[in-house]
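Here is a friendly walk through one protein model, written for someone who likes to look at pockets and contacts. Please keep the viewer open as you read.

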Amino acid sequence: MNSVCAELLQIHLRWMKGDDLNRVYEIEQQTASRPWLPLEFARILNHPHCVGMVAEHEGEIVGFIIYELTRQAFRLWNIAVLPEFQRQGVGSQMLARVACRLDGSCRHGIRLEVQESNLAAQLFFRSLGFRAVSIQRSPSNDQEEDVYVMQYCHRRPRLVAA
C-alpha cells in the first residue's frame, strides 16, 4: 500500500480509548456527510472483533479508524481525518497499519463501502490499491444511495525460479 503523499505528516497511532470518543465524534461531525451518532460508535466499538485507533499529531487527535477483524479480511467501518490534516498522509498511514496485519494466508484483504456520491473517498482508496468489486443498490429511492464495495488484496510474494 503506497501513499500518494510526497511528505507524510508525523503522527502517532494508538488504540482508541473511551476518553477519545468525544474527540472522535467531533471529527466525524466535521467530515461525514451522514455522521454516525454517539450510540453508533458505542455499538460498533463494543463488538468483540472491532478495533479503533486514533492518529495523534503533537498530542492532538487528528483522525481515527475503526475496523472489524473477520476470518478472511478486515472490514473498514469508518475512517476520518480532520479537514486541515487531510492530504498529508494521515489516512494512508492508518490504512497501512491495518494492511501490515494482513498475512495472505488467513486474512488477505480489507473491504469497505463508499457512498456513490463520495468521489473524494473513492479516489483516495483507489490511490492506495483498493478496487471496486461490487455495487450495493439502495433498497429505496428516498434518501439512501448506492454504495461501492471496495477491496484491497494483500499481494503474496512471487516465487522466483532459480
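## The largest pocket

In this predicted model, the lining of the largest pocket draws at least two residues from each of helix H1 (21-31), helix H2 (38-45), strand S4 (74-81), helix H3 (90-99), strand S5 (109-115) and helix H4 (119-127). Strand S4 supplies the largest share of that lining, with seven residues.

The volume of this pocket is about 1500 Å³. It is lined by 45 residues, and those closest to its centre are Asn78, Ile79, Asn118, Ala121 and Phe125. If you sort the lining by class, you get 21 nonpolar, 13 polar and 11 charged residues.

## The overall fold

Let us step back to the chain. It has four helices and seven strands, and along the sequence they follow the pattern β-α-α-β-β-β-α-β-α-β-β.

The protein chain has 162 residues, and 41% of them are buried. Among contacts with a separation of 6 or more, 61% join residues 24 or more positions apart.

## The nonpolar core

The largest nonpolar core holds 42 residues, and the ones with the most contacts inside it are Phe64, Tyr67, Val90, Ile110, Phe125 and Phe130. Strand S3 (residues 60-69) gives the most to this core, contributing seven residues.

## A buried arginine

Arginine 14 sits in strand S1 (residues 12-15). Is this arginine buried or exposed? Its relative accessibility is 17%, so arginine 14 counts as buried, the cut-off being under 20%.

Beyond four places in sequence, arginine 14 touches Asp20, Gly52, Met53, Val54, Glu56 and Ile61.

Glutamate 145 belongs to the loop between strand S6 (131-136) and strand S7 (147-153). Its side chain reaches two backbone nitrogens: that of serine 117 at 2.8 Å, and that of glutamate 116, which lies 3.3 Å from a polar atom of the side chain.

Apart from residues up to four places away in sequence, glutamate 145 touches Arg34, Gln115, Glu116, Ser117 and Ser138.

Most residues other than glycine have a negative phi. Glutamate 58 has a positive value, with phi near 50°, and arginine 87 also has a positive value, with phi near 65°.

Where are these residues placed? Glutamate 58 is in the loop between strand S2 (50-57) and S3, whereas arginine 87 is in the loop between S4 and H3. Glutamate 58 has 75% relative accessibility and so counts as exposed. Arginine 87 is exposed too, with a relative accessible area of 74%; the cut-off for exposed is over 50%.

Notes. Residues are numbered from 1 along each chain as its sequence is written. This is a predicted model: local features need pLDDT of at least 70, side-chain atom pairs count only at pLDDT 80 or more; totals for chains, interfaces and linings use all residues. Side-chain values use heavy atoms; hydrogens and water are left out. A nonpolar core is a set of buried Ala, Val, Leu, Ile, Met, Phe, Trp, Tyr and Cys residues joined through side-chain atoms within 4.5 Å. Buried means under 20% relative accessible area, exposed over 50%, partly exposed in between (1.4 Å probe, protein chains only). On a 1 Å grid over the protein atoms alone, a cavity is a set of points where a 1.4 Å probe fits but cannot get out, and a pocket is an open set with protein on both sides within 12 Å along at least five of seven lines; lining residues have an atom within 4 Å of a point. Grid points are joined across faces, edges and corners, and a volume is the space filled by probe spheres set on the points. Ala, Val, Leu, Ile, Met, Phe, Trp, Tyr, Cys and Pro count as nonpolar, Asp, Glu, Lys and Arg as charged, and the others, Gly among them, as polar. A polar contact is a pair of N or O atoms within 3.5 Å; within protein, one must be able to donate a hydrogen and the other to accept it, and residues adjacent in sequence count only if both atoms are side-chain atoms. Contact means heavy atoms within 4.5 Å.
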